[in-house]
Each structure stands twice: as structure tokens, then as C-alpha cells.
Amino acid sequence: MQSCAGGVSLAACTATAAAASSVGGGGASDEGNKMAAGKASEAEEDFPTLTAQERDTLAAIDSSLFGFQKLHEDGARTKALVLKAVRCYDALILKAEGKVEPELFCQLGHFNLLLEDYPKALSAYQRYYSLQTDYWKNAAFLYGLGMVYFHYNAFQWAIKAFQEVLYIDAGFSRAKEIHLRLGLMFKVNTDYESSLKHFQLALIDSNPCTLSKAESKCNISYLGRKIHTAKEAYEALLQTEDLPARVKATTLQQLGWMHHTVEQLGERSSRDTYAIQCLQKSLEADPKSGQSWYFLGRCYSSIGKVQDAFVSYRQSIDKSEASADTWCSIGVLYQQQNQPMDALQAYICAVQLDHSHAAAWMDLGTLYESCHQPHDAIKCYINATRSKGCSNTAALTHRIKCLQVGARGEPALTGLQKDSSPTASHPRSDDAPDPPRPRPASSSSSTTCPSSNQVAHSTDTASTTTASSSPALQSNNGNISNHLPTSPASATTSASNAATKDATKTTTTAAAAAVSQNNGEDAAPSPLANHVQEASDKAKTLSETAGSLSADNPKLSSLLADGKDSENSTGSQDLNKRVNNIHPAVTPSTPQAHSSAASSPISAMSTATPSPKSTDQAAGAQSPATRSSNANPAPPAPAVNGKGGISEDSQSPMKADPPAVTGLKATPPHAHSSNSSSSISIYPSSTDVLKACRNLGKNGLSNSSILLDKCPPPRLPPAPNPALPKDKLNPPTPSIYLENKRDAFFPPLHQFCTNPSNPVTVIRGLAGALKLDLGLFSTKTLVEANPEHLVEVWTQLSQPADENWDQPGTKKMWRCESGRGHTTIAKYAQYQAASFQESLREENEKKALKEPSDTEPTSADSVARKRRGPLKYIKFGTNIDVSDEKKWKQQLQELSKLPAFARVVSAGNLLSHVGHTILGMNTAQLYMKVPGSRIPGHQEHNNFCAVNINIGPGDCEWFAVPEPYWGEQHQLPDGSWWPNLEDLYEADVPVYRFIQRPGDLVWLNTGTVHWVQAIGWCNNIAWNVGPLTAHQYKLAVERYEWNKLQSVKSMVPMVHLSWNMARNIKVSDHKLYEMIKYCLLRTLKQCQWVKEALAAAGKETVLSPRSRDEAAHYCTICEVEVFNLLFVRRELLSKVPPVVHCQDCARKGSSTLDDFVVLEQYRMDDLMHIYDHFTLETAPPGGRVLCTLYNVFNR
């Protein structure tokens, strides 16, 4: 890990201070000298100096002490020293006019973080980022930056910062702390699979952290579990001895809310009784939990105890300040009690606090409609439909139409009867203005509501910003940052809440002001974040939450939001484009940033603070804290998949473009040092390599990375620029028509398919040209051959290929989930046949419902009406393994008729050199389909190419997006997704769309994003192929590194594959050779470094040669590939295959590795021999790659 050079910077403070005090002395008059001497004491006070001992102490302080250095409790001396250092640094920056080393800003950020001065910490980190080109090598900087983002609930950026820390240094001292926070953030984002993984990684780590094991178990209880399993986990946790009161309160809270919302847990009456009991016990353990009071109010409301519900809601507001969910629920109660004026006031408070609260807008519209004010109801319904959290868009759209044409006779929406106020399973608590207290229900009320114009802000524009996709700040601010304390003695909530109230008083409406005000009790720390109380789908954008972004710091908008009006949706969209990177140098801010960090000289000096490294480069640089709101900085640093990483144009793999930090007159990046100790040529012998690498250590980089040393962690690529014109977004699909076998084996066909400019190619008539017997893959033949063969079944909704609706058929969406199960070929064949028979009976009815008349255009409203009913479920038979040559001999022999570049196994196929089976990749898989069967949007594993042949008799419809646009689609909801074509076209993403007929072969090129739907009844067979090209290898390695960053397992072990390639093939492609050779160099260096570390610890390795067809190994904890040196627990040493750990995970479980045995699969001499004998071959005529297959499967 790169040091922040604290000692050097601190020494510079003293030296620069002395120099600054003597500037201009030579030409000054005696009178001037006397005046300067007379103010010596004042200057010393203004510019404090640090002693040598203090500098040594401060040099050891960085962001890793955050949460562990108790400055507010027993660290008074350390706190005083840190405060002195901050004053020294601030004075130095002012006197030196910003001409200081970047490391000073990094250290200043650390100090302010420890002092919990988050605006100043962010400002300092911003400055360091703008000056230090290779900032990404500094794990302490990224960790501190992530902590600042985490404090502000800017989870999207915090996740990226933390992931980069783990990527560059998996053994970082605070890795456990990072995993805990990643688990919490992924949980808020409803990515439960990732959340569970990070919590488990934290639990196996024996290092200290700020969250107890009991608290971690409380968070993990529900993740990835069935309802009854989660219930048992909560109940088991309650039996733990000495359970902290806070954890007990949270566990009871979640258990109670689960019983209230989950029907599978029994009868409604018994569930509500048990839920109330749990919530009451929770409040006994933590009486200040506003969330528990709110849940209790919901329970009382559901059983008709209105007065008890009002009391609970009032307690919730008193304990946890205002919440849109609470006020919406209060409005429901008032309306049920026939008190429309009070209900109006409550709904107004709800939409003030959260302009995108769909339920509040819908209920408010229902209220206006019941009071015969249709125009106001229409405005409210429109705002409800604009919200991302709206789950009834089609019905609302239809109701708006009816009201607009005067159809007053239809009944009002019955959202109140469904308790639609807050989302039943995901309520949340937001920081908000100080609203009125709810009054108990009474029998007297007005029957006419005021016009909707009295609602705070215009109802036409109040929720327009919800369309913005800028990084969302999640709602559960207190739930995480208070429960994972920024410092053990954090006590800033009260003052911050007061500031929040002051900043948002102007949003109180006349209607709401008529009700009595809250007495302003301080908010108590919120309980643990748990998924049943989080509603990330209603999270506010930065522009929406200006002034109330964080309970700990209400001025977050001055640091993270755009300078434009928070109501300006265009500004919000522009902001999203500018802040799509974690790094603060591209974070726009409002002019109020000066007030939030006014005492810091960084913001004052940032407009003219050139770095001493390069004064010319720094000229005109601006800190993000002072940049104009019109700035439009681009995301920094090259990204993966063709935008960075290994440069194909370089003469040496060490030559790569440095990360570019672009923006409004931003500081140009400094060039990388050419004499980096880790920059080793790939051309010397292995002996020279090991000698040069010896004792280098980590050098601030992960030694397991197989990308270049000089490349930053992989990032999403920006969309190609310039954008394609709208008429080019639906390009024709490249198609090749074959007439005979000669055409299929014509060399240009291979070159055409693998050309990166062709994302997808359809080879028409392949089966006929090669005389393939497709009948061998028909359902009838499959049943006859292996009727009991296993079939994985996906249960899906049947719908048109260019649409994706939720189950009720009321709302379009991207998420496309499938239920998973298993059956046999024979049983699925019966289902296929029955489905066909059923379709014959329903064909006429389907056509009548599906096809509009020729003269009537299909409007969105008519489509919505047709989708109102629930959709039909279908079953898709997928991932049928046909790799067994004994069972599928005929079928596999038939596939050998294909040209070599498209075969399952061939010398020119990278996947044939893996040396073991990767199901579905270097083996074929079958798919059995009925109409509507879907393969959701995805890229192939590690960006390999794919071959897919339609057996028939029906067709398939394909959609494909070129690889350069994968970054646009990666920022989607987690899980499976089916893109909305209109959204893609609006984002200028081109989409290839075509029909695959029986006998057609679809070649998917490297990295192509695609999704497929069956039009008729058909079977398909598919597998992956890795062309032996530099482009394929490059993208495979980049995805391998991206997966490592995202903590995702790579299906293709690229390190293992690279060594096998070096053993088995000879290449003349210079680019491909350099990339493979560099991978060998990196792993050779890694092996030596680990062996040296083991030897220093007195740990010996045990030789355990690889067996034939032995699969590559992955860490059982973090799932990274483990090459050569396998860490296995002693008690599991006899298990086959071995339970392998990587070195980092092994050390987390046992710092001295006493519980582990290290198996060595290759001698260093063997690896050195392979490295030395892998040389660049002379290119044959035509310049094509030489490939000689030695003994691919004999390892």
C-alpha cells in the first residue's frame, strides 16, 4: 500500500513555514523588518509548527484508524495533536498558495475524517485526487473516501471506493470493516446475494471491527433465506446470551414486521397479535426507536385500533423526526375516519418530505376525487405515475384518462382499502422538515379540500426529478451510519437535525402550518438496517434531497448536489452524467460548498494551487468545491473492455495510457514514473525476473492482478462518442448465406465472424450446407436416447418479445426473474407437447386479444388495458448438459461436421486449453423451449464468443448490443433483466434484432450483450468458443479483473489458462504474445512473493502435483482463482477435491497460518522453464497466428 508520506509532508510544513516567513526579506526596508519582527509571536500563533516527535506520531495516522481511534473519549492528546496538524496544514496551504505535495491533502483528509469534519475531509480528498494521478494505488485514500461517502449514504460511490480498496489490496487492515459496510449497502440496495457474501466474508475475518458478531448475524438473518428459515434465524438470535439491547430491539422489530407482512406465517389475526407483542418488546429494549413505533402503528391500524395507531405514529414522529411513510399512514387513518382536511394536511406533509412518494400522491388524488375535485386528482395521479416506486401505473393512467374525458361515474381508486400508503414490505424513514404532529381522529371535519395548488411546490413538477438516474442517497441514514458509528463517541445527530429543520422550514405549507408543530425531540440512533424497513426503490436523488441529505450533516447538498435548483429535473439529469464515478474530483457542488467548508483554506486556494510536480500542469486547476455549476467533467481514468487495461497499440505491455482526469480546466494528469520498481520487462529470462522481483513486496498493487501495473482498477466504459444518430440505432444484422460445404469452410467466413466490428453474425442455411442431421437433437430423439436426463426448468411469464411486464400485467419493468426447478427430458417433452395442444385451442382467442385492428393505432393506453390481467406462466427447459460422450455420442459426432472455428473442441479455441470441463462453455448444452421462453440479457462468461444453432421447428428472436455499450447496461437492477427497447434507443444504444430460423447458426462475438426469446416450439444447442486472437484474450482478462473487483467468480480461470497456453501453443501475434507473457510474469512474481513470505514465517510448502483433468482452484471464501500455492486447513487436508483458500482469506482466519497447510502444485523450476520457452514465433505468410496443439488434455 502506498504511504501518504506523512513524515515528508509534515517536514515540509516546518521548512515551508520558515521560508514563507522570510519571503521578500532581501528587498524590505529596515522599517519593514522591524514590523515583521514585531509580529513574530502573532505569526508563530497563526502558523504552528510540529516537532519531530509529533511528525513521527502523525506519520502513522491515516483513515484506517477511523472508528477505532477514540478521539472524543480517551484520545484527548491525540485529538489535540491532530487539530494542531490540521491548523499547520491549513496555514501552509494558504502561505504556499497551494504549491504543496498532493500527499499533504491526503493526510489532511485523513485528519479531518478522524475529527468527523466530513465536508473538510471530502474537500481535501478531492484536492488529492485532482493532483495525484495514481491515487488509486493509495488504499488508505480510497478507504477514507469510501467512509465519507458512506457517512453521506452515497452508497453507489462508497461501494466503488471500497471495492477498489479490496482490489488493490485484498489484505487491507480494515477489510473486515469494508465487507460489513458493503454488506449493509448491498442490503439497502436489495442485492441480497452480494450482501450475504460480504457479511460472510466479514464473519470469517478474525480482525477487530466496529460491529459485533451478533449485529452481523442480525443483518444476515434474512438474506437469501426463505421466510421460515429467516424466522428461525431471528428466534435463534434472540436466545443468544448477553445479547446487546440494541440488537435485541432490532431483531424483535424485524420479527414483528415480518409477521405483519408475510402471509405464509399463518392467519392474519394471530400474525398481528404476535407482531404487536414483538414490537412492544422491541420498544421495551429501545423506547426511542421511531421505526418500531411506526411499525406498531401500522399493526394497530390493520386491526382497527385507530387511537392506538395515532399514538404510535405520534411517538414515531417524536422519536425519529418526520417520515413520508408515517404521514401517509396518518393520512390514511384520517381519511378512514372521514376527516378529509386532516388527511389532506398529512398527505401534503408526506409529499413535502418525499416528492416521489407514489402512495401519498395516489392517496391524495383519491382524496381529491372523493371531494369532487377531478383536476386536482389528475395532477396527483400524474405525479404518482412519475415515481419509480409506483406499482400501479397502468391503472392510474387509465383513471387519468377517464377523469380527463369526464367519466366521473367510475368508482375512485381503492388504494386506501389496500393500505397503499407506504409499501407494505419496505417502509423507510427519511430525514425531513419538522412537520406538524398528528391530532387524534375526531368526528367533525370539512368535506371540501383546498385546491392542489396549495400543495407545497407545483404538483406538475414536484416529482419530475424522480426520472433522474443520478446516484441515489438511500433513505436509511441513521440505520447504517449511526449503527456503524463514525466514531465510538459520535454525537452530532441532534445539532444536525436542528440544522436540517432550519434549512427546510420554507417547505412548510399553509395547510400543514395550521396543525400543531413537533416539539423537536432529538432523533435517536436508528436501528440496524434491515431489508424489511428499507425502500431503496424510493430513494431520493441528489437534487431532490438538497437540504436534507443526511441527519449527520444537513449541508451535504453543498458538497454533492448540483448548483441548480433541486427541483430542476434537467439539472438532475446533467448531474447524473457528471457524477458517475466515485472520485471527488468530478463531484459537482453548489455554491453553498463554501459555507460548509468556509474555515478550510482548501476551497479558497483551490482555484490557483499548482502542484510543485508540475506548475504548468496545475495552472487553472479548480477544486470541485469551487467549480461552476456549469462544469461538465468527464469520468476519469480509462475503463476496461477496450477503453483501458492492456493497450493493443503499445510496443510493450508496460506501455499504457495513464488515467485521464478531465473536467472544467482540471489539472492534467501527471505522467507515471518511468522507473517504477514494479515495472519489469517481460523479455528477460525467468532467472532475471525473479531476481528483479525479489523483495519488491506488494508495491501498492495487488500481486494477483494480471492487468498492467500502470492501469487503475477496471471501471465501466463510457458510451462511444459521438453518439449514433437515431436512424442508426436499429442496424441490420450481418448475415451470411451458405449454399454448400465449401462456403462453410471458406477462410473469410471465420475472419468475418471474429471481426470486432461485427457484434453478431447469422449464418443462414448452415445445417443444409453441411447436411447436419438436426433430427438427432429433436425432442423425440432426446426422449428416446436419455429420457431421465436432468433438465433445469425456469418458470417465466409469457409476454411479447419487446415488452416486459410485472406479474399483474400493470407495469413495464426491466427486472425479469425466473423461478428455478428441475425435471427430466421425458417430463419436459410431455409439457412441450401439452403446451402445443393448448395453443391450438386458444389460438383464435389469443389473436383477438393480441392484434389491434388495422385502422386503430396501438397506443400506450390500449396496451396498458390489454396488460391489465395477470400474465400466464410458462416453463423453459435449459442448461441440459450433453458433454457425456457415452450418452450423446451421435449428437457430438454430428457437431464435428462444423468448421473448425465453430467447433466445441479445436486447437484454435482458447477454451480447449483450459484442461478441464467448464459446463456450458467448452461443452455443449441443449435448450428445450415453448413460445415465450426467455434467456435474459447478459454477456457470455469472461466475454467469450458463443455459438448457437436453432434445431427447430420454431423460430427464435434475438436482440444484441455491441460490446462497447456494455457499461450502459451494467448499471441496471441486480439480477436478471429484459431491456426496454425505448430506453435503449433514448440512451443512443444500438440494438441488433433478428430472427433465427431452424438450421441457422448465430455467432456472438466477444463481449456482445444479448437476450433471446422463443417465438415457437423449438430446441437449441449452444457452447462457447475462444478465438485465438489478442482481442479475445484482452477482453477475457479485463472481465476477469472486473469480476475480481465486483467479488464475482470468473468461470474461466485465466491464470491457469494462460500457463496452459504457454505450454501448448506457439503464437506469432505480437500483441497476444505480450499479454500472455505478462500474465506469466505477474503470476511468477506472485508465487515468489508468497513463498518468500511463507519462508520468513517459517512455513514450508508441501509438493502436491496436479492430477490429470484436475480443475483449476478457487478460494472457497472469496472465489478468486488460486494458482499453484493452495492454502488448505489441516483438518480438511484429506478431502478431495481440497477446500482451498487464498492467502488473504487464510490469514484472516489464522494470522500465523498455524491451521493451514500450503500445497505447491508446480515447482518454481517448472514454471521458470515454461516462462523461458514461451517465445514469439516468426509469422508465416499472410501474418496469421501459428497455433500448434501439443497435448491439450495431458497436464
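Reader: How far apart do the end C-alpha atoms of residues 139-172 lie, and how much of the span is helix?

Author: Helices here are DSSP runs of H or I with at least four residues, strands are E runs of at least two, and both are numbered from the N terminus. In residues 139-172 the end C-alpha atoms lie 8 Å apart, and the span is 79% helix and 0% strand. This is a predicted model, where local features need pLDDT of at least 70 and side-chain atom pairs pLDDT 80 or more, while totals for chains, interfaces and linings use all residues. Residues are numbered from 1 along each chain as its sequence is written, and side-chain values use heavy atoms, without hydrogens and water.

Reader: Which residues touch the most other members of the largest nonpolar core?

Author: Nonpolar side chains tend to be buried together in soluble globular proteins. A nonpolar core is a set of buried Ala, Val, Leu, Ile, Met, Phe, Trp, Tyr and Cys residues joined through side-chain atoms within 4.5 Å; buried means under 20% relative accessible area, exposed over 50%, and partly exposed in between, with a 1.4 Å probe and protein chains only. The largest core has 78 residues, and F141, F162 and W1011 touch the most other members. A separate second core of 50 residues includes F295, W327, L353 and W361.

Reader: Is H913 buried or exposed?

Author: H913 counts as buried because its relative accessibility is 0%. H913 sits in the loop between helix 38 (889-895) and strand 6 (925-929). Its side chain reaches the backbone oxygen of A907 at 3.0 Å.

Reader: Which residues of helix 11 are buried?

Author: In helix 11 (residues 192-203), the buried residues are S195, L196, K197, H198, F199, L201 and A202.

Terms used:
A polar contact is a pair of N or O atoms within 3.5 Å; within protein, one must be able to donate a hydrogen and the other to accept it, and residues adjacent in sequence count only if both atoms are side-chain atoms. The expected span of a helix is 1.5 Å times one less than its number of residues.
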